[in-house]
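Here is a set of questions and answers on a protein model. Look over the fold first, then work through them in order.

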Amino acid sequence: MSAFLPESLAPSGLPKLLQQHLSLGGTALSSAMSDRLSNIMTPAPSHGIVARPSTVFQPIEGQKELKIFNAAADLKIATSSVSMHLPDDWRRRLFAKIDQLHQPDDWEETDHLTDIRSFWTFLRTVLQQGPMKRMSLGIDGNGNILAGWKRGDDTLTLAFLMDDQIRWSVVQWISGRVESVAGIVDLHRLPVVLGPYSPKRWFGDGDNVPTS
Amino acid sequence: MKDEETGMAIGVFPEAFELRPDERDLSVNWMDFFQGAQREQLRQIIAHAELKLRPTHGYGVIEVGAFIDTCAKHGAKVRIIHEQTDKDPSHSAAHQYPRDNRFLFAELANLAGRHLTLVGEINA
């Protein structure tokens, strides 16, 4: 399974983020990054997409920091390709979360790197739902992106799998009793299955979150 | 789960309650093995942990009865057995814990998220 690079990442549309990475200069990280970027900067064919090798499900072995850096860079590159649909502030906060999730000290040699296919499912969900507010991000043991929301004692979690599949769960407390639902759904059906659980409450309401 | 505005830990993802492929039972700690208030018990648990813990790791506290009842509600008759190890005298394990039960994992994660403490808070 390969990830696809949209035409918007061709040289003429090179986002600022990539330019900044290219200008780091001098380090092993920036050199490796330049090599990778020189590959993806090759003009796209007329159909607008080019395949590039995927690094998914690769256990980290050796050069841990470089691999983690590259995994985080892959996510940012993917985000940049749809950045025209995202508010700048939201995208900046997402980048900060990506960096936070890719601190080398938090990764073991045996961990699976973040799966870019999962991240594409996440991004397509963001494009479907709009930039989601007050979202916790995580990565599971298989490299899948996780997102969670807590409103009062209730929780909604989404695990983004490959091919636009989403594992979802809602747990809510009603009159002191807990009610839980869970399942796996195709992205296009997500609004339908979340409909009874007030998606706006989770994705749109950033105010009703406990602060202590 | 971390709140993006405050940076506070606010919950646990259900995936934290999944068994890893090489695990047969869910590892837990028996808090009351250690004396003192909950914070001291957690401090002892962290001190005896066999895992490499980081300040951002967290402990969710669930009463044994609530854990067993929740599992039973979702069709799992778990048995929690105190199985101390050389380093961790409070180590226990939930046997007959299901490998795949999303409803259960989501509910346990919600319960754990209600009483969540970060390692960094205890060691501060």
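Q: Does Arg134(A) count as buried, partly exposed or exposed, and at what relative accessibility?
A: This is a predicted model. Arg134(A) sits in the loop between α5 and β3 (136–139) of chain A. Buried means under 20% relative accessible area. Arg134(A) has 12% relative accessibility, so this residue counts as buried.

Q: Near what value is phi of Arg134(A)?
A: Arg134(A) is a residue other than glycine, yet its phi is positive. The value is near 50 degrees.

Q: What does Asp164(A) count as: buried, partly exposed or exposed?
A: Asp164(A) lies in the loop between β5 (154–160) and β6 (165–174) of chain A. Its phi is also positive, near 60 degrees, in a residue other than glycine. Asp164(A) has 23% relative accessibility, so the residue counts as partly exposed.

Q: How many helices and strands does chain A have?
A: From the N terminus on, the elements run β-α-α-β-α-α-α-β-β-β-β-β-α-α. That order belongs to a chain of 212 residues, 48% of them buried. The count for chain A is 7 helices and 7 strands.

Q: Which residue of chain B is in contact with Trp149(A), leaving aside neighbours within four places in sequence?
A: Trp149(A) is one of the core residues that touch the most other members. Its contacts in chain A include Met132(A), Arg134(A), Leu158(A), Trp202(A) and Phe203(A). From chain B, the contact is Met1(B).

Q: Is α3(A) roughly parallel or roughly antiparallel to α5(A)?
A: Helix α3 (residues 64–80) of chain A packs on α5(A) at about 30 degrees, with axes 10 Å apart. Angles under 35 degrees count as roughly parallel. Therefore α3(A) is, relative to α5(A), roughly parallel.

Q: How do the residues of the contact of α3(A) with α5(A) divide?
A: The two helices meet in a right-handed crossing. α3(A) brings Asp74(A), Leu75(A), Ala78(A) and Thr79(A), and α5(A) brings Ile116(A), Phe119(A), Trp120(A) and Leu123(A). They divide into 6 nonpolar, 1 polar and 1 charged.

Q: Is α3(A) roughly parallel or roughly antiparallel to α4(A)?
A: The axes of α3(A) and helix α4 (residues 88–101) of chain A come within 10 Å and cross at roughly 165 degrees. Angles over 145 degrees count as roughly antiparallel. So α3(A) is, relative to α4(A), roughly antiparallel.

Q: How do the residues of the contact of α3(A) with α4(A) divide?
A: This crossing is right-handed. Residues of α3(A) including Ala72(A) and Lys76(A) meet residues of α4(A) including Arg91(A) and Phe95(A). The contact divides into 5 nonpolar, 2 polar and 3 charged.

Note on methods:
Residues are numbered from 1 along each chain as its sequence is written. Chains are lettered from A and ligands numbered from 1 in the order in which they are written. This is a predicted model: local features need pLDDT of at least 70, side-chain atom pairs count only at pLDDT 80 or more; totals for chains, interfaces and linings use all residues. Side-chain values use heavy atoms; hydrogens and water are left out. A nonpolar core is a set of buried Ala, Val, Leu, Ile, Met, Phe, Trp, Tyr and Cys residues joined through side-chain atoms within 4.5 Å. Buried means under 20% relative accessible area, exposed over 50%, partly exposed in between (1.4 Å probe, protein chains only). Contact means heavy atoms within 4.5 Å. Axes are lines fitted to C-alpha atoms, for helices over the stretch in contact, and angles run from 0 to 180 degrees between N-to-C directions. Helices (H or I, at least four residues) and strands (E, at least two) are DSSP runs, numbered from the N terminus. Angles under 35 degrees count as roughly parallel, over 145 as roughly antiparallel, 65 to 115 as roughly perpendicular and the rest as oblique. A crossing is left-handed if the near helix is turned anticlockwise from the far one by less than a right angle, and right-handed if clockwise. Ala, Val, Leu, Ile, Met, Phe, Trp, Tyr, Cys and Pro count as nonpolar, Asp, Glu, Lys and Arg as charged, and the others, Gly among them, as polar.
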